[in-house]
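Here's a quick briefing to read alongside the model. Have the viewer open, and we'll go from the overall build down to single residues.

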Amino acid sequence: MLNIPHDSAEKHVSGKSIYIDDIPMHSQILHGHVMYSPHAHAKIKSIDITEAQKLKGVHAVITHKKIPGHNQMGPVVHDEPCLAADKVICVGQAIVIIAAENETIARHAESLIWIDYEILPAILDIRTAIKENTLLAPARTMRRGDAPSAMKDAKHVISGELETGAQEHWYLETQTCLCIPGEGKEINVFSSTQHPSETQAIISEVLGINKNEVVVEIRRMGGAFGGKETQANHCAAWAALLCHATGRPVKIRLFRDDDQKITGKRHPFLINYEAGFDDDGKISSLIFEQNADAGCATDLSMAILERAMLHADNSYYIPNMLVTGKAYKTNLPSNTAFRGFGGPQGMAGMEQVIDRIARFLKKDPAEVRRINFYGTEKNNITHYGQTIELNRLELIFDQLYTSSEYEKRRKEIAEFNSKNDYYKKGIAFTPVKFGISFTTSFLNQAGALVNIYKDGTVLVNHGGTEMGQGLNTKIAQIASAELGVSLDRIKVNATNTSKIPNTSATAASAGTDLNGMAVKNAIDQLKERIANLMVTEFNKRRPEKATSVEHIVFENNSIVDSLYPDRKIAFDEAMVLANLNQVSLSAAGFYKTPGIGWDKVQGWGTPFNYFAFGMAVSEVLVDTLTGYVKHLRTDILHDVGDSINPGIDLGQVEGGFIQGLGWVTTEEVKWDSKGNLLNHSPDTYKIPSVQDIPQDFRVKLLQGVPNPKAIRKSKAVAEPPFMLAFSTWLAIKDAVSSVGNHEFEPMFKLPATNEVILLSIEDIKKKIK
């Protein structure tokens with residue numbers, strides 16, 4: 001399809017894109033402010049808001065006692081109070097919300113509120129949580145074969161653990177919501193949310209009103225990455241409560257530091273593993289125990305843990321595999337969805353195992369990876385029972401191995417390292433196999449509403465949300481292609497719960513797959529109606545040349561009879577004719593993903609519609625005296641099926657890789673011993689900069705591999721490229737390992753910060769001595 005720019009590109013660079021904070025408002029708007037806990041765990045003995053209420057310019061001061069509905073905003077399990085009542089369970093938990101004429105007055109009001117706390121013991125890391133057994137829910141298991149027995153028969157066995165860190169979403173637009181009162185109980189909500197229907201549901205619950213009184217709309221977000229799938233509900237609920245209490249518009253836009261302190265992160269994991277293998281590196285048995293830090297509430301932790309378990313195999317067939325997953329409560333903000341949704345943590349464990357096996361056997365890790373790849377005709381069933389169809393692993397490996405000159409460069413790196421004591425190079429070749437669908441099967445559905453007007457223009461509504469990923473651009477292209485009209489006739493409207501109800505979140509990389517098919521379904525209905533009319537009209541005009549519906553073609557802004565191509569009518573003229581003949585030009589579309597089913601209890605089934613594949617080769621240079629890493633080169637080959645928009649897809653692959661690069665290298669989230677977040681601003685939290693981009697960055701899309709299971713034979717692209725950054729993580733480890741001539745396993749974890757690198761190098765040097 002066409003490689004056209006993002007539909008908002010010009011608006012973005014000219015400052016004309018309208019985000020929630022840009023919506024023009026009159027003088028009645030109030031500033032919403034959140035007072036949150038300074039303690040990780042404490043009993044609330046008393047709250048005194050008397051003086052704050054008296055302050056001029058303050059219109060509402062709300063505690064849990066003034067919530068008219070349910071004091072809950074847990075999206076799955078109701079274990080997350082909207083406002084703390086008897087105790088606080090993390091730093092950043094909201095206790096009081098304030099509506100005032102401006103921010104200065106609101107902050108002054110906060111200073112007048114007195115809260116008496118009794119400090120309680122807090123659990124602030126996963127190891128302590130395991131020791132205290134603070135399980136969030138019963139442990140989950142997935143198994144195939146008999147891993148413990150096969151382990152006993154394996155020629156070689158390794159075991160160990162891997163820590164993976166948290167990650168801040170760092171969307172450019174912080175959590176923001178504007179609520180405007182309507183007539184009676186009505187409330188109009190403009191929320192920066194990935195999940196408008198859930199935001200609608202949470203607001204209806206806290207206000208104690210029906211969902212049909214709440215309209216949630218979102219035109220675009222300034223980034224989300226999963227951080228606005230459930231946690232956008234918080235600001236929306238708080239703003240709605242203040243709007244309801246005052247009868248005036250209220251906007252809450254979190255200050256960056258507050259946003260980072262209040263919101264959850266990517267789940268830190270502690271992964272224990274044991275692997276059995278032969279002299280070639282072929283794995284016969286593998287046991288994983290995944291321990292996730294859920295934070296203070298459930299949020300989506302169990303679904304995230306499940307996806308981590310589902311991706312514990314990454315791209316490898318393991319005949320005997322046992323995966324146990326456990327999520328633990330801690331006194332940190334509730335961790336939440338983040339690009340990859342547990343997949344990165346699960347794959348990290350697997351890639352660590354492969355890398356260790358290669359070093360143990362003194363083999364090239366790329367060779368060990370290849371001999372363990374899933375097959376096409378055999379060895380192609382996952383540890384949860386799904387057959388891998390249309391496997392692209394060998395195809396991508398062969399192409400990238402050649403184009404990246406991997407073998408030649410590995411020899412050159414070995415030679416470089418033998419001649420240099422203080423600078424070491426490393427290289428790694430890593431794959432990704434990522435399942436596409438919500439693993440909660442009923443969420444795999446979408447709706448759309450398509451209206452055609454008499455002038456031949458088209459307005460498309462769908463349930464997905466635009467967060468910069470180009471969803472609306474692709475939806476417009478799909479509508480254009482399906483209707484046979486030019487793109488300038490298509491407009492994709494803001495997402496609105498009054499037009500498309502009961503939607504799923506825009507998540508799981510399934511936004512285009514689901515909503516694109518729903519739009520197609522609506523357009524198919526319209527085309528059928530219009531085609532029937534055209535048959536009648538064409539046959540009426542020339543009865544001696546009768547035609548039928550199957551010969552009516554929509555193309556080039558016209559409707560044509562393919563039997564008699566001289567018979568055609570302009571699309572806009574046909575719409576006038578349809579209106580005169582009382583043919584409805586509006587249709588609601590719906591789609592549900594076929595052929596998937598998943599037994600969560602047994603850990604067995606077909607949770608995914610298909611898999612996306614990709615591979616990366618990365619080369620780094622490490623300064624062994626400082627731990628500084630220079631990213632020299634990355635080659636990526638990624639499978640997106642028949643790309644709907646190659647430019648947008650390449651952008652997603654590049655952006656996903658760079659965000660993953662941050663997680664595996666610089667983005668270390670640190671808390672102190674009292675649960676305070678230490679790096680809560682851009683000067684202390686280090687997302688990748690332009691200097692972290694590989695100096696030589698080669699990204700290509702795999703060609704000639706259509707995907708019959710998705711809209712226009714495309715594939716999802718948002719999440720899978722994130723995990724390609726493991727190539728950089730393991731290239732760093734390869735460089736560190738070369739300090740000891742690859743004789744010693746480096747002490748390593750994720751992220752591989754300068755500190756981790758230096759400590760690992762020092763450990764190897766001690767072993768050499």
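Helices and strands here are DSSP runs (H or I with at least four residues for helices, E with at least two for strands), numbered from the N terminus. By that bookkeeping, Leu526 sits in helix H15, residues 511–541. Keep in mind that this is a predicted model: local features need pLDDT of at least 70, side-chain atom pairs count only at pLDDT 80 or more, and totals for chains, interfaces and linings use all residues. Residues are numbered from 1 along each chain as its sequence is written, and side-chain values use heavy atoms, leaving out hydrogens and water.

**Overall build**

- The protein has 19 helices and 29 strands.
- Its radius of gyration is 28 Å, close to the 27 Å that the globule rule gives for 769 residues, so the protein is as compact as a globular protein of that length. The radius is taken over C-alpha atoms, and the rule is 2.2 Å times the number of residues to the power 0.38.
- The C-alpha trace spans about 90 × 80 × 50 Å along the principal axes.
- Take the contacts between residues at least 6 apart in sequence: 80% of them join residues at least 24 apart. Contact means heavy atoms within 4.5 Å.

**Surface and charge**

- Of the 769 residues, 60% are buried. Buried means under 20% relative accessible area, exposed means over 50%, and partly exposed is in between, with a 1.4 Å probe and protein chains only.
- The protein exposes about 29600 Å², and carbon and sulfur atoms supply 51% of that. Areas come from the Shrake-Rupley method with a 1.4 Å probe; for residues, only the protein chains shown count as cover.
- There are 83 positive and 90 negative side chains, and the centres of the two sets lie 0 Å apart. Lys and Arg count as positive and Asp and Glu as negative, while His and the chain ends are not counted. Each charge is placed at NZ of Lys, CZ of Arg, CG of Asp or CD of Glu.

**Cysteines**

- How many disulfides are there? The count comes to zero, with a disulfide taken as a pair of cysteine sulfur atoms within 2.5 Å.
- Cys90 is in no disulfide, and the nearest cysteine sulfur, that of Cys296, is 3.9 Å away. Cys90 is buried, at 4% relative accessible area.
- Cys243 is in no disulfide either; the nearest cysteine sulfur belongs to Cys179, 5.5 Å away. Cys243 is buried, with a relative accessible area of 2%.

- Leaving aside neighbours within four places in sequence, Leu526 is in contact with Val450, Ile452, Ser584, Leu585, Ser586 and Ala587.
- Gln200 lies in helix H6, residues 196–207, and counts as buried at 9% relative accessibility. Not counting residues up to four places away in sequence, Gln200 touches Lys211, Val214, Val216 and Thr497.

- Most residues other than glycine have a negative phi, and most peptide bonds are trans.
- A cis peptide bond joins Leu750 and Pro751, with omega about 10°. Pro751 is in the loop between helix H18 (726–738) and helix H19 (754–768).
- Glu405 has a positive phi of about 55° without being a glycine. Glu405 lies in the loop between helix H12 (393–403) and helix H13 (406–419), and counts as partly exposed at 37% relative accessibility.
- Asn556, not a glycine, has a positive phi of about 50°. Asn556 is in the loop between strand E21 (552–555) and strand E22 (558–561), and counts as exposed at 68% relative accessibility.
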